[in-house]
Amino acid sequence: MAQLPSFLTRAPRALRYAAAGTTLAVVVGGTVAFTTLDKDITLDADGSTSEVSTFAGTVGDVLADEGITLGRHDVVAPALDTELADGDDIVVRYGRKLTVTVDGEQQVYWTTATTVDEALADIGVRADGAKLSASRSEPLGRQGLDLAVTTPKDVLVVADGADHPLTSTAATVGDLIREAGVVVRDGDEVSLDQAQRVTEGLRVQVVRIDRGQSTEVQGIGHGTRTVSTDALFKGEKKVLTPGVDGSKTVTFADLSRDGVRVEHTVVGEVVDRQPVEEVVQVGTKARPVAASSAGGGGGGGGGSVGGGADSRNWGALAACESGGNPSIVSSNGKYHGLYQFSVSTWRSVGGSGLPSQASAGEQTYRAKLLYQRSGAGQWPVCGKRL
């Protein structure tokens, strides 16, 4: 059977029928009606629908006539080798390359979906509550799309003594901190790199770093210097110049972490008052040898000190104060020996140890020194016996 010219295969049906009738009239031996070869096909190419009248026998022939070339990711139904009948439908869906990055993990898919939302459903990516880099309703063109998906995660931001729990779709730690309403100042410390991606259960802490200076007034010890003198007996001391402590203002560089000072470093100091050194005379003169007391514990003798003290009735004083017992100690433990010395008074006249442990002659000698210095008033009750 003779075929129609190619330009007629796309002509309106009425025109093609007329042409066909004319052609058939001149075909010798024609037994099949021309109209039985013409078919009306509905072609849906990626959602764009058109009506096609064709003499093509298969789906593949129709697509070839329509200039449609299929790639390996494209889909057509029915199959290319399917024989066509009048009224059939042909559906073509083009494959799109969809590069999906979910929480930093990239995967490449091919889909015939025409919108972002359909594509996510097609490839099985759940994005409920997720943040997308493109609108869900955005058309998915044949050029494909790179899509970033950030899923919500339960995270915690700690700053300024408070916890900030969030369910967030922030992509990075820096984004998360800003979402929590926390401002990171210059010098503050963040426990994680702010460029790090946010993961489920992540905990990030902002530590406030504060630097400053403080001052303290500190004392300066006066120190002591000793000077030897033969004006004093060995063991005796006399303060010539009382010591006075000085003072200084010390400046520190301080560093605090979340309000707790962790560094306190001296960076300078100024002396406000110089200390005054204490000068103490130390005796070098040898002590006279104490004479033994006549009659043992009576309290006489004791060595000469001059100045009228030697001629006093020391035996009578001792008898009044201690009953003449050189080792006696008062019931309260404060007063010792023949003349009931206190320990402090004993030492003020050069005695050492306890008066009650010294010899009677040593006690009488010290009592004479005390009388020479302060008079009989040192013994308010018995002093009149001297």
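Which residues does Leu140 touch, not counting residues up to four places away in sequence? I looked this up before anything else. Leu140 touches Arg96, Leu98, Thr111, Ala113, Thr114, Thr115, Ala119 and Leu145. A contact here means heavy atoms within 4.5 Å.

**Ground rules**

I noted that this is a predicted model, where local features need pLDDT of at least 70, side-chain atom pairs count only at pLDDT 80 or more, and totals for chains, interfaces and linings use all residues. Residues are numbered from 1 along each chain as its sequence is written, and side-chain values use heavy atoms, with hydrogens and water left out.

**Leu140, continued**

I placed Leu140 in the loop between strand S7 (131–132) and strand S8 (145–150). Helices (H or I, at least four residues) and strands (E, at least two) are DSSP runs, numbered from the N terminus. Leu140 is buried, with a relative accessible area of 3%. Buried means under 20% relative accessible area, exposed over 50%, and partly exposed in between, with a 1.4 Å probe and protein chains only. I also checked Leu140 against Ala119, 21 residues along the chain from it: their C-alpha atoms are separated by 8.1 Å.

**Whole chain**

I counted 7 helices and 20 strands in the protein chain. The chain has 386 residues, and 35% of them count as buried. Among contacts with a separation of 6 or more, 53% join residues 24 or more positions apart. The chain exposes about 21,400 Å², and carbon and sulfur atoms supply 50% of that. Areas come from the Shrake-Rupley method with a 1.4 Å probe; for residues, only the protein chains shown count as cover.

**Strand S1 and its partners**

I turned to strand S1 (residues 39–45). In S1, 5 of the 7 residues are buried, so the strand is largely enclosed by the rest of the structure. Two strands pair if DSSP finds at least two bridges between them. S1 runs antiparallel to strand S2 (residues 48–54), and 7 bridges join them. Asp40 stands opposite Ser53 in S2. S1 and S2 form a hairpin with 2 residues between them. Asp46 in the turn has a positive phi of about 60°.

With strand S4 (residues 89–93), S1 pairs in the parallel sense over 4 bridges. Ala45 has Val92 as its bridge partner in S4.

**An open sheet**

I followed another set of 4 strands. They form an open sheet in the order S10-S9-S12-S11, with mixed pairing. Strand S10 (162–168) and strand S11 (189–190) stand at the edges with a single partner strand each, so one side of each has no neighbour in the sheet. Strand S9 (residues 153–159) and strand S12 (residues 203–207) pair in the parallel sense over 4 bridges. Val157 stands opposite Val204 in S12.

**Aromatic rings**

How many aromatic pairs does the structure hold? I found 4. Rings of Phe, Tyr and Trp (its six-membered ring) pair if their centres lie within 6.5 Å; planes under 30 degrees apart count as stacked, over 60 as edge-to-face and the rest as tilted.

Trp314 and Tyr339 make an edge-to-face pair, 5.9 Å centre to centre with 90° between the planes. Trp314 lies in helix H5 (residues 314–322) and Tyr339 in the loop between strand S19 (335–336) and strand S20 (341–342), so the pair ties together parts 25 residues apart in sequence. Trp314 and Tyr339 are both buried.

Phe341 and Trp346 have ring centres 5.2 Å apart and planes at 70°, so this pair is edge-to-face. Both Phe341 and Trp346 are buried. I also noted one aromatic cluster formed by Trp314, Tyr339, Tyr371 and Trp379.

**Charges over rings**

I looked for NZ of Lys or CZ of Arg within 6 Å of a ring centre and within 35 degrees of the ring normal. The charged end of Arg142 sits over the ring of Tyr94, 3.5 Å from its centre. Lys285 lies over the face of Phe233, at 4.2 Å from the ring centre.

**The disulfide**

Which residues does a disulfide join? I found Cys320 joined to Cys382, S to S 1.9 Å. The rule asks for a pair of cysteine sulfur atoms within 2.5 Å, and the count comes to 1 disulfide. The link of Cys320 and Cys382 is left-handed, with -65° about the S-S bond. Cys320 is in helix H5 and Cys382 in the segment after helix H7 (360–374), 62 residues apart. Cys320 is partly exposed, with a relative accessible area of 26%. Cys382 is buried, at 5%.
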